[in-house]
Amino acid sequence: MAKDDNGAEDVTAADSPGAQLATSAASTAVVTRDALANPGFPPHRPRITDLEHKEERKAERTVYTLFYVSIVGSVFAIAAYMAFPIVAEDPGSVRLNNLFIGLGLSLALLAIGIGAVHWGKALMSDHEGVDERHPVRGTEPVRARAVEIFQQANEESGFGRRTLIRNSLIGALVVFPLPAVVLFRGLGPMDQDPVALLNETMWKKGVRLTMDPSGTPIKAADVTLGSSFHVIPEGLSEMGHGRLEEKAKAAVLLIRMDPDDLIETEDRKSWSYDGIVAYSKICTHVGCPVALYEQHTHHLLCPCHQSQFDVENHCKVIFGPAKRALPQLPIAVDAEGYLIAQSDFTEPVGPSFWERA
Amino acid sequence: MTTIITRESAEDQGVGVKKAGGFTASAANYIDERTSISGAVKELGRKIFPDHWSFLLGEVALYSFVIILLSGSFLTFFFQASMAEVVYNGSYAPLKGIPMSAAMSSTMDISFDVRGGLLMRQVHHWAALLFVAAIGLHMLRIYFTGAFRKPRELNWVIGFILFILAMAEGFTGYSLPDDLLSGNGLRIIDGLIKGIPVVGTWVSFLLFGGEFPGTDIVGRLYSLHILLLPAIIVALIAMHLLFVVVHKHTQYPAAGHTNQNVVGYPVLPVYAAKAGGFFFIVFGVVMLIASLFTINPIWNYGPYDPSPVSAGTQPDWYIGFADGAMRLIPTGWEFVWLNHTYSLNILVVLIVVGLFIVTVMVYPFIEAWITGDKREHHVLDRPRNAPTRTAIGAAGVTFYASLWAAASSDIMATHFHLTMEGVIHTLQATTLLGPFLAFFIAKRVCLALQKKDREIVLHGYESGRIVRLPGGEFVEVHQPVDEYERWKLVSYSDFKPLMLRPNAQGKIGPAEKVRAGLSRWFFEDRITPVTQAELNQAHGDHPAEITDK
């Protein structure tokens, strides 16, 4: 008990409940003996509605009129629900339905609100009240009793004394949620290797480049100079299950440039066809589609975080938070003149991940 | 017998003020005998709440949340949180026959086939935007007036968690319709998660139930959005308000206001009328906005597809600062080491934004440590009277605003005909340097305002009237402030920095040195409040004839 008393006194010294609310208390505040005194409350100023009966009547009329207006608004909203039906394939009817139900409800709500506030401000007593504050901490006897209760509980249970019981209980309580954590393993697929999946796409040798979203194969001869195509692999548009997952990796941008403008490294010279190049459309930053092609600069722009890629130069990053160039899809032309892939991408597409090397 | 006792007890508690046996009296008596509610009415019915417009910001947040619950409940009756593919066959002609998820299709039906459905969707979305905005402004009010000081530090933390949860609610809700724009938002989240070392790839697969986008995410976000997060928010709001009752509300410095009292209007009737009415006003304004202005027109975006995207994509406003931070990272912050990829372009964003928001959360404890102030504070600081705190706040706001602006870098570039690079480089500079500049300016402005206050207390307002004294001298007439107005200007404490004191072993540890240094920095350049002696002296300087009479 003596220990507790000391503890309490320490707290009291720093934070004495009696004086703590006073401005002159401890810590680093400078106590000015010469400070100006609080003048107390200014005299109460009556409102116009207190002074003039006519104004009071007027305020009363305003308040009940507003409440009646609110009823009108609610009824109007119900009427609008019936009077402005939604007509199939007519977006204008949706707009009217939205507008008039909304206006009716707005009127109903605002009139209640403004009426109630006006009532409170103009008619209800405007004499301010004063509540006393007390220190937030409990009073000393209450705190002492609380300590006593904990001590009693400790003695009666032996929580502090029977350490084996206590520690084993703590251990059990720590371990028991773990199975729940393990259960959440089921959120992810059991039979998939994420790294393997991220490393491959639908593209493989001989797969035709087709238009997104129609799936029409593209002839090299149809790709005019300066044009760009949004491309998906042949067969993707007919896929049912897993279509979006494949598309999120396999989407490609096809661009035809003047071969003289292309600066190609030796090992990739065979990856393009007569100035036609194909690059992954999935940004190497966080995976947005790099869909904006600036024809005259040959730059690709990701609209999400403004990474820019230079198509002339193997889609290297020239600005923005991305680090890696867009992966290039090696392409060729088959016997019928259609563009085909030579292989899958030679590196994982899309955002970086830990296991990517 | 029983009846008699009942009547007596009703009269004892003052419930049956009307004639005994009246309906209100009997009903009140019936309820009280089963709930003891008269005790609550006695404790809370005349509880005093101070009045100030800035105290309404928290109310706006609370009321927006109620609006969100009401409109959201309506939406759940129509929305299908499923990514099963369906072919859209609703009223909106341009998307007819297009395959999309059931989530998108049902959201389209809410918008185009349910009368009032679009209205409720827009009420829900506008109220959500307002919810986060009101919490943010409420936090700024709390911060700049020092309302987070003892005993309210824990309530600040609860409020901060609510702010984070509100953003989480916003983001999960935004993603539910499975439209093109929200799908791109999820794609960014996927990319962010994949950039986390060691666990990123697996966390992404667990979240999406396999490869992005999968067919699970909408259902999972739905559980979070309508069950888990709202339950936590409701519990925390209850705690938040309970603490307001326990602490009693703070008040601004004014004549008659002290640290030991709280001055304002009683709950019944004035506060109930004003606050209750204000709920309807907030609801009405949200309703009006929702009936006049479109928000999130998913029919223009179409269903999610990983390939198309439109220019000028932007998240909802409250995610902007995080999105902007990602745009400000310079090119090339990523490297491979020991066969693993380190995505600094993502990690730095997560760490910096994380540190920033954690600093906001623990600020009350940092300031209490620096100032060594252990008193309870119930009278608010005018921001100028805590110059260093206000300056820190200004720096934080500038930092946040720079990140936020960066989320619109492309829009700024196209609208003002600037280069994308120029906008980004400028915002990189304002993010790094702006806070220092804002700190300096805000602190100087605070000190200048404090000096102005002193000037007004000592010499009165400049009235603009010039008079010529008998001796030929021209002076401007100064109008003295009355004592009530004066009290607002002088009622603040002057603080001295903490002194370095050796501990029991006679040693001064490094932590104490840091603390004393920070305390010096926090309290340097103080303007002390006017004292009585100074006031007397000043009045001696001014003969009666030059005060306006």
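Analyst: Let's start with one pair: A:V231 sits across from A:V252 in β5(A). Keep in mind that this is a predicted model.

Two of the facing pairs are handy for finding your way: A:L254 is opposite A:A278 in β6(A), and A:R256 is opposite A:I276 in β6(A).

Now zoom out to the whole sheet. It is an open one with four strands, ordered β3-β4-β5-β6 (chain A), and the pairing is antiparallel. The edges are β3 (209–211) and β6 (276–280) of chain A, each of which pairs on one side only. From neighbour to neighbour, the strands are turned by 40° on average, if you ignore direction.

So how covered is β5(A), and which way do its residues point? Five of its five residues are buried. As background, side chains in a regular strand alternate between the two faces of the sheet. In β5(A), one direction is taken by A:V252, A:L254 and A:R256, the other by A:L253 and A:I255, and all of them are buried. Note that A:R256 is on that list as well, and that this arginine is the residue facing A:I276 in β6(A).

Chain A has another sheet to set beside this one. It is open too, has four strands in the order β7-β8-β9-β10 (chain A), and pairs antiparallel. Its edge strands, pairing on one side only, are β7 (292–294) and β10 of chain A. The twist there averages 35° from one strand to the next. At the β7(A) end, three bridges link β7(A) to strand β8 (residues 299–301) of chain A, running antiparallel, and A:E294 is opposite A:H299 in β8(A).

Next, the contact between the chains. It draws on 91 residues of chain A and 114 residues of chain B. On the chain A side, the elements giving two or more residues include β10 (316–319), α9 (243–250) and α4 (91–123) of chain A. The top contributor is α4(A), with 19 residues. Sorted by class, this side of chain A has 54 nonpolar, 23 polar and 14 charged residues. Strand pairing crosses between the chains as well: β1(A) and strand β9 (residues 494–495) of chain B are joined by two bridges in the antiparallel sense, with B:F495 in β9(B) as the bridge partner of A:A29.

Finally, a helix pair over in chain B. Helix α13 (residues 320–327) of chain B packs on helix α14 (residues 344–371) of chain B at about 140°, with the axes 9 Å apart. That angle is why α13(B) counts as oblique to α14(B). The crossing of the two, α13(B) and α14(B), is right-handed. At the contact, B:A322, B:A325 and B:M326 of α13(B) meet B:V349, B:V352 and B:V353 of α14(B). By class, that comes to six nonpolar, no polar and no charged residues.

Methods: Residues numbered from 1 in each chain as written. Chains lettered and ligands numbered in written order. Predicted model: local features only at pLDDT ≥ 70, side-chain atom pairs only at ≥ 80, totals over all residues. Contact = placed C-beta atoms within 7 Å. Nonpolar A, V, L, I, M, F, W, Y, C, P; charged D, E, K, R; others polar. Pairing = 2+ DSSP bridges. Axes fitted to C-alpha atoms, helices over the stretch in contact; angles between N-to-C directions. Buried ≥ 20, exposed ≤ 12 C-beta atoms within 10 Å, placed from the backbone. Parallel < 35°, antiparallel > 145°, perpendicular 65-115°, else oblique. Left-handed = near helix turned anticlockwise from the far one by under 90°.
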